[in-house]
Amino acid sequence: MKIQKILKFGGSSVGSPKAIKKVSEIIKKSSRKQGVALVVSAFQGVTDQLINCARLAAKNDKRLPEEIKMLKDRHIKAINLLVKIKKERRKAVECAENLFRELESALEKISQEKNISNINLDQVASFGERLSAYIVAASMRNAYFADAREFIKTDNNFVSAVVDFKKTNRKIQNYFRNKRGIPVVTGFLGSTAKGETTTLGRGGSDYTASILGAALNVEVIEIWTDVDGVMSADPRLVKAAQVLPSISYEEAIELAYFGAKVIHPATMLPAIKKKIPILIKNTFHPASPGTVISSESENSRLVKGVTAIDDIALVIIGGVSLAGIPGSAARVFGATASKGVNVILISQSSSEHTICFGIKQAESKAALKALEREFRREIKSGRVSVSSVSDQAIVAMVGDGMRGVPGIAGKLFRVLGDAKINVSAIAQGGSERNISFVVDSPNKVKALNLVHEEFFVGGSKNIFIVGTGNIGGTLLNQIKALKNDRLRVRGIINDKKMLIAEEGVGLNSWERKLEKGADQDFSAWLEWAESLNVANKVFVDCTASEAVAKKYIEIAKSGFNIVTPNKKFNVLSMKEYRDLREVMSAVNKKFLYETNVGAGLPVISTLQDLLKSGDRITKIEGVFSGTLSYLFNSYDGTKPFSKVVAEAKAFGYTEPDPREDLNGQDVGRKLLVLAREIGLELEMKDVKIENLVPKALQWIKASGDFLKRLKEFDADFKKLLERARKQNKVLRYVAKLEKGKASASLQAVSWDNPLASTRGADNIFAIYTKRYNERPLVVQGPGAGAEVTAGGVLVDILKI
């Protein structure tokens with residue numbers, strides 16, 4: 001049967017026997033009505049392991065045999081699980097063992113030479129695809145192994161070989177002319193005229209699929225990966241990112257160039273020349289329609305995607321010697337090119353007085369030296385200056401629909417200006433499908449979200465805020481400072497007054513307006529909010545009230561999203577905890593509470609993302625209280641513990657009654673929130689909490705009396721400190737979640753423990769998982785404070 005479709009499966013798609021079974025199901029369905037060919041990458045992580053083996057061999061490292069054994073065991077295990085017929089299984093194992101003997105010979109050669117040449121590196125790297133393709137072919141009926149080295153011919157530029165298309169196209173057509181069955185082709189590989197193994201560089205397996213598809217003139221090339229398609233933005237940075245149903249080749253190239261997770265531009269070229277559509281699909285969600293990349297795409301949206309490149313330096317060269325002088329730009333870019341510097345973005349003033357360009361930060365020193373050498377006379381005379389700005393990011397907005405539409409740039413820079421994001425440089429291609437701009441790196445995520453919201457998502461968020469204390473008041477001021485038209489505060493209420501406004505509350509003087517508002521009546525206020533005929537309602541609870549928290553289910557049923565730093569709901573009974581989530585799911589609304597733990601730190605979202613990706617949390621430990629962190633970071637024995645506590649209270653680091661911090665209950669609540677987040681059905685009574693308030697002082701009524709009496713126990717705390725120091729350890733109030741149990745207690749921790757690294761009022765969370773099993777994923781930073789907590793609440797609102 002004539003091959004009409006190429007399906008390429010990346011490393012994650014063939015990363016396990018379970019994944020390969022999914023590949024088989026997809027191929028079985030695809031091959032019913034048309035001829036297909038597969039292109040496969042190495043099993044996930046194998047190419048890196050092979051390159052590491054080459055490095056170990058060059059150093060005669062004793063760990064090499066164990067590395068080879070791990071690789072071999074993984075592939076043999078896959079054969080045993082996937083190949084059902086005993087005879088075929090034996091044959092597949094024998095073939096794999098032969099390949100590993102060949103690999104060992106290649107590594108032995110490197111070991112003898114004590115050097116890794118590119119030709120040897122390509123030879124070693126090739127075994128990943130050769131093993132993968134053979135195993136996938138052996139696991140399927142009516143499939144055969146096809147070694148791309150037999151028909152993809154390249155030059156001898158090892159590691160990044162250039163394809164000889166004339167020879168390759170002829171050989172591909174001859175190779176597949178009379179073949180029967182489904183070929184499983186090794187991606188990434190080619191060979192020279194002498195038969196030496198080469199690799200095709202970045203995106204090599206995608207390139208193989210494109211080369212095959214163009215040579216065989218197929219109807220479509222499908223790239224199967226672990227995402228649902230090309231996204232409108234990086235979903236790790238822009239939570240509202242969506243899968244694009246279709247984009248043009250040009251849009252794909254622009255997005256890929258500026259860092260989007262699309263196939264590498266060079267790999268598409270053979271398909272583009274033949275105008276063959278490329279379909280991006282998800283192996284693990286095959287029902288998703290994916291993204292079609294073709295010569296045309298629907299233009300219902302002005303903007304298709306927003307993406308960014310990090311670690312950019314902006315180089316600025318200017319002066320009177322550049323203005324109006326022919327050849328100035330050629331000198332600038334000739335000098336940088338001579339040092340191999342890749343220029344990503346160029347912006348030049350119309351007066352030609354200044355040229356600025358963006359490059360990778362790692363190349364900035366070389367670029368500056370080259371320019372200083374080229375313009376040394378002009379610099380010496382003061383007619384030219386050369387400088388650079390580091391820690392920049394390039395953000396690009398891409399879409400064919402922008403062409404010929406006035407006002408796009410104006411809207412873009414208004415959004416950025418309102419958010420007080422400074423733009424260092426601007427560039428727009430002549431095609432008008434790309435507007436790029438440079439911002440300070442700390443503003444990158446903010447810019448991405450604002451641009452995506454403005455041009456892609458649209459629609460207002462209608463906000464109703466309960467509580468105007470430290471966090472609620474700061475949040476209102478942050479929303480005011482953001483000047484985002486789509487964030488409309490329509491109602492505010494505190495324990496005395498309430499304010500409602502159908503057109504939105506003007507935030508310039510919200511405090512005065514609230515003082516003049518109606519007397520507080522929460523039920524009436526909520527009833528009005530429920531009746532307001534607007535979409536996308538966001539109920540923001542900035543109180544610490546359990547009474548308000550207990551109304552969440554009723555509020556959710558009324559169609560509100562809920563955002564809150566108030567952890568009281570998440571520590572109610574498991575029944576109420578589950579009920580709210582069921583209601584939220586039923587009404588398709590969001591309950592976001594990132595600031596329940598760690599203030600503005602991304603702790604909960606990190607756990608959620610780990611779990612969504614299939615990871616398993618094995619342990620969480622950390623310092624969850626900013627107050628207790630401050631106390632034990634400050635307590636060094638030079639002052640009595642009671643004085644450290646008294647000073648912390650004076651600085652505002654503790655509750656009005658410091659016992660509310662010292663009793664550990666707040667840490668316990670945070671522990672319970674995280675425990676439930678990872679699927680443990682615990683209640684507050686299940687959390688073991690060490691109370692640092694001496695028993696004799698727990699029932700004293702007045703806070704002042706407690707502080708006076710605390711002096712009686714200074715010696716006890718001094719003993720704990722001295723004991724820790726003798727062990728070369730430090731005191732930390734440690735919260736721990738492991739093996740289904742939650743506890744919080746004062747502990748002495750060694751200096752090599754991440755928990756010892758806290759400073760000031762830092763929170764720290766060390767997250768151990770199946771993947772992060774030896775070294776934890778650590779989240780550290782300010783875990784308290786109105787600004788960071790309100791900022792975290794605002795981020796949650798923006799996610800809605």
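The entries below go from ground rules to sheets, then to helices, cores and single residues.

**Ground rules.** I am reading a predicted model, where local features need pLDDT of at least 70, side-chain atom pairs count only at pLDDT 80 or more, and totals for chains, interfaces and linings use all residues. Residues are numbered from 1 along each chain as its sequence is written, and side-chain values use heavy atoms, with hydrogens and water left out.

**Entry 1: the antiparallel sheet.** I began with an open sheet of 6 strands, ordered β12-β13-β11-β14-β16-β15, with antiparallel pairing. Strands here are DSSP runs of E, at least two residues, and helices are runs of H or I, at least four residues, numbered from the N terminus. Two strands pair if DSSP finds at least two bridges between them. Which strands stand at the edges? They are β12 (343–348) and β15 (423–428); each has a single partner strand, so one side of each is left without a neighbour in the sheet. From one strand to the next, the twist averages 30°. Helix α8 (residues 249–257) packs on this sheet and touches β11 (305–318), β12, β14 (385–398) and β16 (434–440). The direction of α8 makes about 60° with that of β11. Such angles run from 0 to 180 degrees between N-to-C directions, with axes fitted to C-alpha atoms, for helices over the stretch in contact. I then checked β12 and β13 (residues 354–360), which pair in the antiparallel sense over 5 bridges. Ile346 has Phe357 in β13 as its bridge partner.

**Entry 2: the mixed sheet.** I found an open sheet of 7 strands in the order β20-β19-β18-β17-β21-β22-β23, with mixed pairing. At its edges are β20 (518–519) and β23 (591–592), each with a single partner strand, so one side of each lacks a neighbour in the sheet. Strands β21 (residues 537–541) and β22 (residues 560–563) run parallel, joined by 4 bridges. Phe539 stands opposite Ile562 in β22.

Entry 3: Helix α5 (residues 118–139) reaches 32 Å from its first C-alpha to its last. Of its 22 residues, 17 are buried, so α5 is largely enclosed by the rest of the structure. Buried means under 20% relative accessible area, exposed over 50%, and partly exposed in between (1.4 Å probe, protein chains only). In helix α26 (residues 703–710), the buried residues are Ser703, Phe706, Leu707 and Leu710. They cover an arc of only 95° around the axis, which puts them on the same side of α26. That arc is taken from the directions from the helix axis to the C-beta atoms.

**Entry 4: cores.** The largest nonpolar core has 76 residues, and Phe539, Tyr552 and Leu674 have the most contacts inside it. Such a core joins buried Ala, Val, Leu, Ile, Met, Phe, Trp, Tyr and Cys residues through side-chain atoms within 4.5 Å. Helix α25 (residues 665–677) gives it the most, with 6 residues. Apart from it lies another core of 48 residues, including Val93 and Tyr134.

**Entry 5: two residues.** Beyond four places in sequence, Ile555 touches Leu526, Phe539, Phe560 and Ile562; contact means heavy atoms within 4.5 Å. Arg383 lies in the loop between α12 (376–380) and β14. Arg383 is partly exposed, at 39% relative accessibility.

Technical notes. The expected span of a helix is 1.5 Å times one less than its number of residues.
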